[in-house]
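Here are my notes on the model. Please read them with the structure open.

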Amino acid sequence: MTDIPYIHPDRSTSSIRPLKALHHFRNLIADKEDTEQVFHITNNLRDGRYTRQALKFLKSAQGEALYARDEFLPDILDDHASLLAMPVGSLGRTYAEFMERENISAHGLVEENDKFSSKIAKFDDRMEWFHNRTRDTHDMAHILTGYGRDPLGEQCVLAFTYSQDANLGFLFIAYAGGFEVKRRAPANTPIFSAIREAQRNGKAAGVISHQDITALLPLPLDEVRKQLHIAAPTHYEAAHNIYNEAGINPHDMLVMTQT
(Lines give C-alpha, C1' and ligand atoms only; values in the text may rest on other atoms or scores of the structure.)
Protein backbone atom coordinates (compact mmCIF):
# COMPACT_ATOMS: atom_id res chain seq x y z
CA MET A 1 0.00 0.00 0.00
CA THR A 2 3.01 2.29 0.30
CA ASP A 3 2.94 3.08 -3.43
CA ILE A 4 -0.56 4.60 -3.19
CA PRO A 5 -0.30 8.40 -3.64
CA TYR A 6 -1.53 10.77 -0.99
CA ILE A 7 -3.64 12.58 -3.59
CA HIS A 8 -4.38 11.22 -7.05
CA PRO A 9 -3.38 13.76 -9.74
CA ASP A 10 -6.94 13.79 -11.11
CA ARG A 11 -8.57 14.56 -7.75
CA SER A 12 -9.85 18.09 -7.22
CA THR A 13 -8.53 19.40 -3.90
CA SER A 14 -11.06 22.22 -3.61
CA SER A 15 -14.76 22.23 -4.44
CA ILE A 16 -16.93 25.20 -3.42
CA ARG A 17 -20.39 25.03 -5.01
CA PRO A 18 -22.80 26.77 -2.59
CA LEU A 19 -25.88 26.50 -4.83
CA LYS A 20 -25.45 22.75 -5.19
CA ALA A 21 -24.92 22.47 -1.44
CA LEU A 22 -28.12 24.43 -0.83
CA HIS A 23 -30.03 22.15 -3.21
CA HIS A 24 -28.90 19.06 -1.30
CA PHE A 25 -29.64 20.72 2.05
CA ARG A 26 -33.23 21.26 0.92
CA ASN A 27 -33.39 17.57 0.06
CA LEU A 28 -32.13 16.78 3.55
CA ILE A 29 -34.76 19.05 5.08
CA ALA A 30 -37.40 17.16 3.11
CA ASP A 31 -36.15 13.83 4.48
CA LYS A 32 -33.83 13.90 7.48
CA GLU A 33 -33.12 10.18 7.04
CA ASP A 34 -31.64 10.75 3.57
CA THR A 35 -28.05 10.70 4.86
CA GLU A 36 -26.69 10.60 1.30
CA GLN A 37 -27.44 14.33 1.08
CA VAL A 38 -24.87 15.05 3.80
CA PHE A 39 -22.12 13.56 1.62
CA HIS A 40 -23.23 15.72 -1.31
CA ILE A 41 -23.19 18.86 0.84
CA THR A 42 -19.74 18.22 2.28
CA ASN A 43 -18.39 17.34 -1.16
CA ASN A 44 -19.63 20.67 -2.55
CA LEU A 45 -18.23 22.75 0.33
CA ARG A 46 -14.71 21.36 0.67
CA ASP A 47 -11.92 23.92 0.33
CA GLY A 48 -8.16 23.76 0.46
CA ARG A 49 -8.02 23.84 4.26
CA TYR A 50 -9.62 20.40 4.46
CA THR A 51 -7.04 18.97 2.06
CA ARG A 52 -4.10 20.59 3.83
CA GLN A 53 -5.22 19.31 7.21
CA ALA A 54 -5.83 15.82 5.84
CA LEU A 55 -2.40 15.72 4.22
CA LYS A 56 -0.71 16.85 7.44
CA PHE A 57 -2.28 13.89 9.24
CA LEU A 58 -1.65 11.39 6.44
CA LYS A 59 2.06 12.30 6.38
CA SER A 60 2.41 12.15 10.18
CA ALA A 61 3.80 9.10 11.98
CA GLN A 62 0.32 8.35 13.39
CA GLY A 63 -1.34 8.69 10.00
CA GLU A 64 1.25 6.49 8.29
CA ALA A 65 0.90 3.82 10.99
CA LEU A 66 -2.89 3.73 10.87
CA TYR A 67 -2.91 3.64 7.08
CA ALA A 68 -0.37 0.79 7.00
CA ARG A 69 -2.55 -1.23 9.39
CA ASP A 70 -5.20 -1.42 6.65
CA GLU A 71 -8.06 -2.10 9.08
CA PHE A 72 -11.70 -1.58 8.11
CA LEU A 73 -13.31 0.21 11.04
CA PRO A 74 -16.95 -0.72 10.22
CA ASP A 75 -16.12 -4.42 10.68
CA ILE A 76 -14.62 -3.67 14.10
CA LEU A 77 -17.37 -1.26 15.18
CA ASP A 78 -20.20 -3.55 14.07
CA ASP A 79 -18.81 -6.51 16.03
CA HIS A 80 -21.16 -5.73 18.91
CA ALA A 81 -20.60 -9.06 20.59
CA SER A 82 -16.93 -8.23 21.15
CA LEU A 83 -17.66 -4.64 22.15
CA LEU A 84 -20.41 -5.63 24.60
CA ALA A 85 -17.95 -8.02 26.27
CA MET A 86 -15.78 -5.04 27.21
CA PRO A 87 -16.08 -3.50 30.71
CA VAL A 88 -19.17 -1.52 31.67
CA GLY A 89 -18.53 2.14 30.97
CA SER A 90 -15.85 1.47 28.38
CA LEU A 91 -15.91 3.35 25.08
CA GLY A 92 -16.50 0.17 23.07
CA ARG A 93 -19.36 -1.13 25.19
CA THR A 94 -21.02 2.30 25.40
CA TYR A 95 -20.73 2.64 21.63
CA ALA A 96 -22.29 -0.78 20.96
CA GLU A 97 -25.14 -0.11 23.40
CA PHE A 98 -25.79 3.23 21.68
CA MET A 99 -25.78 1.72 18.18
CA GLU A 100 -28.14 -1.09 19.19
CA ARG A 101 -30.45 1.32 20.99
CA GLU A 102 -30.58 3.57 17.93
CA ASN A 103 -30.83 0.58 15.56
CA ILE A 104 -28.00 1.86 13.35
CA SER A 105 -24.70 0.43 12.18
CA ALA A 106 -21.34 1.56 10.85
CA HIS A 107 -21.98 -0.42 7.66
CA GLY A 108 -25.28 1.44 7.24
CA LEU A 109 -23.37 4.70 6.92
CA VAL A 110 -21.05 3.02 4.42
CA GLU A 111 -24.08 2.05 2.34
CA GLU A 112 -25.35 5.65 2.34
CA ASN A 113 -21.88 6.82 1.33
CA ASP A 114 -21.83 4.27 -1.49
CA LYS A 115 -25.02 5.78 -2.94
CA PHE A 116 -23.21 9.09 -3.12
CA SER A 117 -19.92 7.61 -4.34
CA SER A 118 -21.63 5.90 -7.26
CA LYS A 119 -22.41 9.36 -8.67
CA ILE A 120 -18.90 10.84 -8.49
CA ALA A 121 -15.38 9.85 -9.46
CA LYS A 122 -13.43 7.75 -6.93
CA PHE A 123 -9.65 7.69 -6.76
CA ASP A 124 -7.10 5.17 -5.58
CA ASP A 125 -5.29 7.41 -3.13
CA ARG A 126 -4.83 7.88 0.58
CA MET A 127 -7.24 10.79 0.63
CA GLU A 128 -10.02 8.29 -0.15
CA TRP A 129 -8.98 6.31 2.93
CA PHE A 130 -9.07 9.51 4.99
CA HIS A 131 -12.59 10.38 3.73
CA ASN A 132 -13.73 6.92 4.77
CA ARG A 133 -12.14 7.23 8.19
CA THR A 134 -13.96 10.49 8.94
CA ARG A 135 -17.19 8.78 7.84
CA ASP A 136 -16.60 5.70 9.99
CA THR A 137 -15.92 7.72 13.17
CA HIS A 138 -19.07 9.88 12.93
CA ASP A 139 -21.13 7.86 15.39
CA MET A 140 -18.09 7.44 17.63
CA ALA A 141 -18.12 11.25 17.85
CA HIS A 142 -21.64 11.09 19.31
CA ILE A 143 -20.37 8.92 22.15
CA LEU A 144 -17.22 10.89 22.87
CA THR A 145 -18.86 14.34 22.75
CA GLY A 146 -22.07 13.45 24.61
CA TYR A 147 -24.29 14.78 21.83
CA GLY A 148 -27.25 12.53 21.02
CA ARG A 149 -28.93 11.80 17.71
CA ASP A 150 -31.72 14.27 18.36
CA PRO A 151 -31.75 17.18 15.85
CA LEU A 152 -29.80 19.58 18.08
CA GLY A 153 -27.32 16.82 18.94
CA GLU A 154 -26.71 16.16 15.25
CA GLN A 155 -26.06 19.84 14.53
CA CYS A 156 -23.66 20.00 17.46
CA VAL A 157 -21.72 16.92 16.32
CA LEU A 158 -21.36 18.48 12.87
CA ALA A 159 -20.13 21.79 14.33
CA PHE A 160 -17.65 19.83 16.46
CA THR A 161 -16.53 17.85 13.40
CA TYR A 162 -16.06 21.02 11.34
CA SER A 163 -13.50 22.25 13.86
CA GLN A 164 -11.77 18.89 13.64
CA ASP A 165 -11.38 18.55 9.87
CA ALA A 166 -12.23 22.01 8.42
CA ASN A 167 -14.92 20.81 6.01
CA LEU A 168 -17.23 23.80 5.47
CA GLY A 169 -20.10 21.48 4.64
CA PHE A 170 -20.36 20.37 8.26
CA LEU A 171 -20.49 23.97 9.47
CA PHE A 172 -23.12 24.85 6.86
CA ILE A 173 -25.41 21.99 7.92
CA ALA A 174 -24.85 22.73 11.62
CA TYR A 175 -26.03 26.33 11.42
CA ALA A 176 -28.64 25.89 8.69
CA GLY A 177 -30.07 22.96 10.63
CA GLY A 178 -29.85 25.05 13.79
CA PHE A 179 -32.27 27.56 12.29
CA GLU A 180 -34.73 24.75 11.61
CA VAL A 181 -34.42 23.51 15.21
CA LYS A 182 -34.72 27.05 16.60
CA ARG A 183 -38.03 27.57 14.81
CA ARG A 184 -39.67 24.87 16.93
CA ALA A 185 -37.83 25.35 20.23
CA PRO A 186 -38.99 27.44 23.21
CA ALA A 187 -37.76 31.02 22.88
CA ASN A 188 -35.10 30.74 25.58
CA THR A 189 -33.53 27.51 24.30
CA PRO A 190 -29.78 28.05 23.72
CA ILE A 191 -29.71 26.41 20.28
CA PHE A 192 -26.93 28.48 18.75
CA SER A 193 -25.02 28.70 22.03
CA ALA A 194 -24.93 24.90 21.98
CA ILE A 195 -23.74 24.81 18.36
CA ARG A 196 -21.05 27.45 18.96
CA GLU A 197 -19.90 25.61 22.08
CA ALA A 198 -19.62 22.39 20.06
CA GLN A 199 -17.51 24.23 17.51
CA ARG A 200 -15.18 25.49 20.27
CA ASN A 201 -15.02 22.06 21.89
CA GLY A 202 -14.05 20.45 18.60
CA LYS A 203 -11.22 22.92 18.11
CA ALA A 204 -9.83 22.30 21.60
CA ALA A 205 -10.05 18.49 21.42
CA GLY A 206 -7.85 15.87 19.84
CA VAL A 207 -9.10 14.95 16.36
CA ILE A 208 -11.20 11.81 16.74
CA SER A 209 -10.55 10.42 13.26
CA HIS A 210 -6.79 10.70 13.88
CA GLN A 211 -6.90 8.41 16.92
CA ASP A 212 -6.13 4.70 17.21
CA ILE A 213 -9.79 3.79 17.70
CA THR A 214 -9.21 0.09 18.37
CA ALA A 215 -6.80 0.95 21.19
CA LEU A 216 -9.33 3.32 22.77
CA LEU A 217 -12.33 0.96 22.69
CA PRO A 218 -11.53 -1.01 25.91
CA LEU A 219 -10.75 2.15 27.91
CA PRO A 220 -13.24 3.89 30.23
CA LEU A 221 -15.24 6.48 28.31
CA ASP A 222 -14.46 9.23 30.82
CA GLU A 223 -10.75 8.46 30.53
CA VAL A 224 -10.85 8.73 26.73
CA ARG A 225 -12.71 12.06 26.92
CA LYS A 226 -10.10 13.36 29.33
CA GLN A 227 -7.27 12.07 27.15
CA LEU A 228 -8.71 13.86 24.11
CA HIS A 229 -9.61 17.03 26.06
CA ILE A 230 -13.28 16.80 25.12
CA ALA A 231 -15.27 19.27 27.24
CA ALA A 232 -18.79 18.69 28.57
CA PRO A 233 -21.65 19.95 26.32
CA THR A 234 -23.15 22.35 28.88
CA HIS A 235 -25.34 24.42 26.56
CA TYR A 236 -26.67 21.28 24.86
CA GLU A 237 -27.58 19.85 28.26
CA ALA A 238 -29.23 23.17 29.21
CA ALA A 239 -31.32 23.00 26.02
CA HIS A 240 -32.48 19.49 26.94
CA ASN A 241 -33.46 20.70 30.40
CA ILE A 242 -35.66 23.34 28.77
CA TYR A 243 -37.19 20.72 26.48
CA ASN A 244 -37.96 18.51 29.47
CA GLU A 245 -39.54 21.35 31.46
CA ALA A 246 -41.73 22.19 28.46
CA GLY A 247 -42.71 18.53 27.97
CA ILE A 248 -41.01 18.41 24.56
CA ASN A 249 -39.35 15.33 23.11
CA PRO A 250 -35.99 16.59 21.73
CA HIS A 251 -36.22 14.08 18.90
CA ASP A 252 -39.33 15.88 17.64
CA MET A 253 -37.58 19.26 17.32
CA LEU A 254 -36.92 18.96 13.61
CA VAL A 255 -40.04 17.83 11.81
CA MET A 256 -38.86 17.80 8.21
CA THR A 257 -41.28 19.11 5.62
CA GLN A 258 -40.68 20.19 2.06
CA THR A 259 -40.26 23.99 1.84
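Leaving aside neighbours within four places in sequence, which residues is L144 in contact with?

1. **Basis.** This is a predicted model, in which local features need pLDDT of at least 70, side-chain atom pairs count only at pLDDT 80 or more, and totals for chains, interfaces and linings use all residues. Residues are numbered from 1 along each chain as its sequence is written, and side-chain values use heavy atoms, with hydrogens and water left out.

2. **L144.** Beyond its neighbours within four places in sequence, L144 is in contact with L91, I208, L221, V224, R225, L228 and I230. Contact means heavy atoms within 4.5 Å.

3. **Helix α10.** Helices here are DSSP runs (H or I, at least four residues), numbered from the N terminus. α10 covers residues 138–145, and seven of its eight residues are buried. Buried means under 20% relative accessible area, with a 1.4 Å probe and protein chains only. The buried ones are D139, M140, A141, H142, I143, L144 and T145. G146 follows α10, and its phi is positive, near 90 degrees.

4. **Nonpolar cores.** A nonpolar core is a set of buried Ala, Val, Leu, Ile, Met, Phe, Trp, Tyr and Cys residues joined through side-chain atoms within 4.5 Å. The largest has 53 residues, and L91, M140, L144 and L152 touch the most other members. Helix α11 (residues 151–165) gives the most to this core, with seven residues. Another core lies apart from it, with eleven residues, including I4, Y50, L58 and Y67.

5. **α1 against α12.** Helix α1 (residues 18–30) packs on helix α12 (residues 168–184) at about 45 degrees, with the axes 12 Å apart. Axes are lines fitted to C-alpha atoms over the stretch in contact, and angles run from 0 to 180 degrees between N-to-C directions. That makes α1 oblique to α12. Angles under 35 degrees count as roughly parallel, over 145 as roughly antiparallel, 65 to 115 as roughly perpendicular, and the rest as oblique. A21, L22, F25, L28 and I29 of α1 meet F172, I173, A176, G177 and E180 of α12. By class, this contact has eight nonpolar residues, one polar and one charged. Nonpolar covers Ala, Val, Leu, Ile, Met, Phe, Trp, Tyr, Cys and Pro; charged covers Asp, Glu, Lys and Arg; the others, Gly among them, count as polar.

6. **α12 against α13.** Helix α13 spans residues 191–204, and its axis lies 9 Å from that of α12, at an angle of about 160 degrees. The two are therefore roughly antiparallel. From α12, the contact uses L171, A174, Y175, G178, F179, V181 and K182; from α13, I191, F192, I195, R196 and Q199. These residues divide into eight nonpolar, two polar and two charged.

Definitions and conventions. Buried means under 20% relative accessible area, exposed over 50%, partly exposed in between (1.4 Å probe, protein chains only).
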